[in-house]
Amino acid sequence: MQQQLDVTGPEEYENVFPRNVPKYEDRLSDELVIALVGPIASGVTATAKLLEDLLSSEFNYQVFKYKPSDIIKGDSEKVSEEIGNPTDFATRVETYQTVGDKLRQKYGNGYLASKIVSKIAKNRDDNDGFQ
């Protein structure tokens with residue numbers, strides 16, 4: 001039995017986002033999806049590296065990482081912004097926050113998460129994974 005997931009947002013990713021997401025007990029994969037969230041300099045990157053090392057070395061998992069900041073940088077032109085490569089920490093934080101806010105204002109609060117889910121779905125498809 002499939003659980004219906006309502007999808008709202010721009011047409012650009014509506015066709016890629018999975019409409020029917022299986023319930024946990026109905027899934028056919030040993031796949032793990034782990035999301036780490038935290039402010040800049042909170043240790044998320046270090047924690048992700050530790051998890052990656054553990055999962056790949058101890059459990060033979062292939063690890064793929066998706067970062068909202070990569071989406072923000074890649075989609076910045078959609079809100080008439082260019083991020084470039086700010087070297088100053090405070091400038092980098094402010095720039096990414098501003099562009100991320102503009103993307104969420106234009107496309108909805110779930111935009112960044114939806115883009116990451118789309119990347120996961122594409123990766124699954126490219127690697128003969130389960131949908």
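**Exercise 1. Describe how helix 3 packs against helix 4 and name the residues involved.**

Solution. In this predicted model, the axes of helix 3 and helix 4 come within 10 Å and cross at roughly 75°, where axes are lines fitted to C-alpha atoms, for helices over the stretch in contact, and angles run from 0 to 180 degrees between N-to-C directions. Helix 3 is therefore roughly perpendicular to helix 4, a label given to angles of 65 to 115 degrees, with under 35 degrees counting as roughly parallel, over 145 as roughly antiparallel and the rest as oblique. On the helix 3 side the contact (heavy atoms within 4.5 Å) is made by Ser69, Ile72, Lys73 and Asp75, and on the helix 4 side by Tyr96, Val99, Gly100 and Leu103. Helices here are DSSP runs of H or I with at least four residues, strands are runs of E with at least two, and both are numbered from the N terminus.

Residues are numbered from 1 along each chain as its sequence is written. Local features need pLDDT of at least 70 and side-chain atom pairs count only at pLDDT 80 or more, while totals for chains, interfaces and linings use all residues, and side-chain values use heavy atoms, with hydrogens and water left out.

**Exercise 2. Work out which residues of helix 4 are buried and why they line one face.**

Solution. Begin with the extent of the helix: helix 4 covers residues 89–107, and its 19 residues reach 27 Å from first to last C-alpha, close to the 27 Å expected at 1.5 Å a residue, the expected span being 1.5 Å times one less than the number of residues. Next, the buried residues are Thr95, Tyr96, Val99, Gly100, Leu103 and Tyr107, where buried means under 20% relative accessible area, exposed over 50% and partly exposed in between, with a 1.4 Å probe and protein chains only. Seen down the axis of helix 4, these buried residues fall within an arc of 120°, so they line one face; the arc is that of the directions from the helix axis to the C-beta atoms. On the other side of helix 4, Glu94 and Gln105 are exposed. Finally, the residue that follows helix 4 is Gly108, with a positive phi near 110°.

**Exercise 3. Identify the elements that give two or more residues to the largest nonpolar core.**

Solution. The largest nonpolar core has 12 residues, among them Ile72, Val99, Leu103, Leu112 and Ile116; such a core is a set of buried Ala, Val, Leu, Ile, Met, Phe, Trp, Tyr and Cys residues joined through side-chain atoms within 4.5 Å. Helix 3 (68–75), helix 4 and helix 5 (111–126) are the elements that give two or more residues to this core. Leu112 is in contact with Pro68, Ile71, Ile72, Leu103 and Arg104, leaving aside its neighbours within four places in sequence.

**Exercise 4. Determine how helix 3 and helix 5 are oriented and where they meet.**

Solution. The axes of helix 3 and helix 5 come within 10 Å and cross at roughly 100°, which makes helix 3 roughly perpendicular to helix 5. Pro68, Ile71, Ile72 and Asp75 in helix 3 meet Tyr111, Leu112, Lys115, Ile116 and Lys119 in helix 5. The buried residues of helix 5 include Tyr111, Leu112, Lys115 and Ile116.
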